[in-house]
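Have the viewer ready before you read on.

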Amino acid sequence: MSTNKDQLFLYYQAGDSIAKRDRAFMEMINDPKNPMTNADLKALILHRPAIYSRYKGFIGKLI
């Protein structure tokens, strides 16, 4: 029985982690003083593709 609770906990923990990452990305692209540019995002994707390639759809939509 505890295995199901552990799995459910890990499931929600993973969802929270993804939500926090997405929220941080949205804050970076919407920063009023220094918003992320297309060039910034391309550099991040090259540097850390496992994290930032999920946002490649934003390329061309940023400054």
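Below we look at the core, the aromatic rings, the salt bridge and a surface patch.

## Ground rules

This is a predicted model, in which local features need pLDDT of at least 70 and side-chain atom pairs count only at pLDDT 80 or more, while totals for chains, interfaces and linings use all residues. Residues are numbered from 1 along each chain as its sequence is written, and side-chain values use heavy atoms, with hydrogens and water left out.

In soluble globular proteins, nonpolar side chains tend to be buried together. Here, the largest nonpolar core has 8 residues: Phe25, Ile29, Met36, Leu41, Ile45, Tyr52, Tyr55 and Leu62. Helix H1 (2–29) and helix H2 (38–47) are the elements that give two or more residues to it. A nonpolar core means buried Ala, Val, Leu, Ile, Met, Phe, Trp, Tyr and Cys residues joined through side-chain atoms within 4.5 Å. Buried is under 20% relative accessible area, exposed is over 50%, and partly exposed is in between (1.4 Å probe, protein chains only). Helices (H or I, at least four residues) are DSSP runs, numbered from the N terminus.

Take tyrosine 52: leaving aside neighbours within four places in sequence, it is in contact (heavy atoms within 4.5 Å) with Met28, Leu41, Leu44 and Ile45.

## Rings that meet

How many aromatic pairs are there? The count comes to 4, where rings of Phe, Tyr and Trp (its six-membered ring) pair if their centres lie within 6.5 Å, with planes under 30 degrees apart called stacked, over 60 edge-to-face and the rest tilted. Phenylalanine 25 and tyrosine 55 are stacked, because their ring centres are 3.9 Å apart and their planes sit at 5°. Phenylalanine 25 is in helix H1 and tyrosine 55 in the segment after H3, so this pair ties together parts 30 residues apart in sequence.

Phenylalanine 25 also pairs edge-to-face with phenylalanine 58, with centres 5.1 Å apart and planes at 65°. Phenylalanine 25 is buried at 1% relative accessible area, whereas phenylalanine 58 is partly exposed at 27%. Phe25, Tyr52, Tyr55 and Phe58 form one aromatic cluster.

## One salt bridge

The structure holds 1 salt bridge, a side-chain nitrogen of Lys or Arg within 4 Å of a carboxyl oxygen of Asp or Glu. Arginine 54 and aspartate 22 make it, at 3.8 Å from N to O. Arginine 54 sits in the segment after helix H3 (49–52) and aspartate 22 in helix H1, 32 residues apart. Arginine 54 is partly exposed at 44%, and aspartate 22 is partly exposed at 26%.

## Out on the surface

Tyrosine 12, found in helix H1, is exposed, with a relative accessible area of 52%.
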